[in-house]
Amino acid sequence: MASIQQINGDYYGSKETLTEALPYIKKKDIYSASINNYFGIADKELSIYHDAIYYYNEAIKDCETEIAKQSPLNNIAVVYILQKKYDKAINILESIRNKKLSNLETKARVIDNLGYTYFKKGFTKKGFVLMTEGFAIRIQNNDPYGSIESNLHLAECYSKTDSKKSNHHALQAYETATKLNSIDERLKALQFLISNGFSKESNRHAQKYITLNDSIIKIRNNYKNKFAKIKYDSKKEKDENQKLRLEKAENQLSLQEAKYQKIFFIIGITSLCLLLLYLRKFYQNRNRIEKIKTAYDTETRIAKDIHDELANDVFNAITFTQTQPLESDNRKETLIKKLDHIYSRVRGISRENNDIDTETNYSANLKETLSTYNLDTRNVIINNIEKINWHDIDKIKKITIYRILQELMVNMKKHSEASIVVIKFDNSPKKIFIDYTDNGKGCDQNKIIKNGLQNMENRILAVKGTITFDTQPEKGFKVKISMPK
């Protein structure tokens, strides 16, 4: 589009179009070189020579081969000629000429421009030879557009020495430019024909120049407006088509989304039902396994208590009856005490493993269970248990408290050798507090979370409570428990 605008003389419009093309350049290549070259051409034609040279140099940076650099280098030389910096132009053109040229068209252009530069610098003969050589190559290569430039250069070369030859070349340039509809070159050719004063034809050429110049200004102005309208209409049509495509795509997407939503809904409902069935089965199995494990642990604990303690007491009672005559009241009393102790132990074991009553008698049952650990050598003190309103406490939390205290007492009985145990209850509007203290052997703080104590932590965490242990060897054992009501 920018190239078409330049052909029609709309150089400002061309630069605007080139600016629109820039965002599409993702890397430096032949396209970025071409854009910069067109920027240079536009600025050259607008006589903004400094900017033109800048863009030609940018085009050279983006060229990947030496041959590709020849065109922008030649264009820089042309700008130097227009600025009358002939030495700079000659240096560039001679450097191109001494290299392998891309084709005959480029060769003819470089030689012709070099000859024209020498002519402008004052080396007329050398310049004429080179321009003639370039012209011959263009004729041989059947390059009519290039021949226009050669004829114009030769017309200028002869204008001061041989007006007839100058007019000959100017007329050839005019005729060829007319065939190719090259307006600017026609105007340049007419300028030579007018300035050379070619007899009666001068007035006719002058009139033609005026008419042609006025016409081209009007045509180019109309072209700018027409081209702008074409771009606007094209953009409008493109936007409308894009809008229709977007609406169509959105409709299709909505239908597709509705279809997918229906599918996902069905899959979701099915998955949810399957998940619920799985979870139900999972929890049923887990509860069944936990019940089996609990029953097994209970049976193991009962067996151990019977073996470790009750069996020894029964054996001692049997041995006593076998070895001691029972006629004496003292011996009968001793036997009765032994049997009463065995009976108490049986009741204790039974109570430890019975289901926990969490209703009205919870407080009394808990106190009775803790009191069974009283011995002649051990005093268990229970404070403020009645201070707690147990009716407001959740059933699960009651069971948790019961089992934790039971495990603490069993642990104390097995390991502590305590003579005093104090269990203190307290509460706030939102929490329950239990402090356990004994004066037993204690243990190392780093070895505290073992067996039953680990079970206590798991139980208390399950009801979002906390438990802390404070103990040192030979300094007793302390436990602080808190949990929400």
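I listed the residues where α7 meets α8: on the α7 side they are Leu104, Lys107, Ala108, Arg109, Ile111, Asp112, Leu114, Gly115, Tyr116, Tyr118 and Phe119, and on the α8 side Thr124, Lys126, Gly127, Leu130, Met131, Glu133, Gly134, Ile137 and Arg138. I sorted the contact of α7 with α8 by class and got 10 nonpolar, four polar and six charged residues. I note that the model is a predicted one.

I then looked up the geometry of this pair. Helix α7 covers residues 104-121 and helix α8 residues 124-140; their axes lie 7 Å apart at an angle of about 160 degrees. The angle is over 145 degrees, so I put α7 down as roughly antiparallel to α8. The crossing of α7 past α8 is left-handed.

Next I took helix α4 (residues 49-62) with helix α5 (residues 70-82), whose axes come within 9 Å and cross at roughly 165 degrees. I recorded a left-handed crossing for α4 passing α5. Among the α4 residues in this contact are Tyr49, Ile53 and Tyr56, and those of α5 include Leu73, Ile76 and Val79. In the contact of α4 with α5 I found 12 nonpolar residues, two polar and no charged.

Last, I checked isoleucine 467, which sits in strand β4 (residues 466-471). I count isoleucine 467 as buried because its relative accessibility is 9%. Beyond its neighbours within four places in sequence, isoleucine 467 touches Met456, Glu457, Ile460, Val479, Lys480 and Ile481. I also noted serine 482, 15 residues from isoleucine 467 in sequence, with a C-alpha to C-alpha separation of 6.6 Å.

Technical notes
Residues numbered from 1 in each chain as written. Predicted model: local features only at pLDDT ≥ 70, side-chain atom pairs only at ≥ 80, totals over all residues. Heavy atoms only, no water. Helix = DSSP H or I, 4+ residues; strand = E, 2+ residues; numbered from the N terminus. Buried < 20%, exposed > 50% of the residue type's maximum accessible area, 1.4 Å probe, protein only. Contact = heavy atoms within 4.5 Å. Axes fitted to C-alpha atoms, helices over the stretch in contact; angles between N-to-C directions. Left-handed = near helix turned anticlockwise from the far one by under 90°. Nonpolar A, V, L, I, M, F, W, Y, C, P; charged D, E, K, R; others polar. Parallel < 35°, antiparallel > 145°, perpendicular 65-115°, else oblique.
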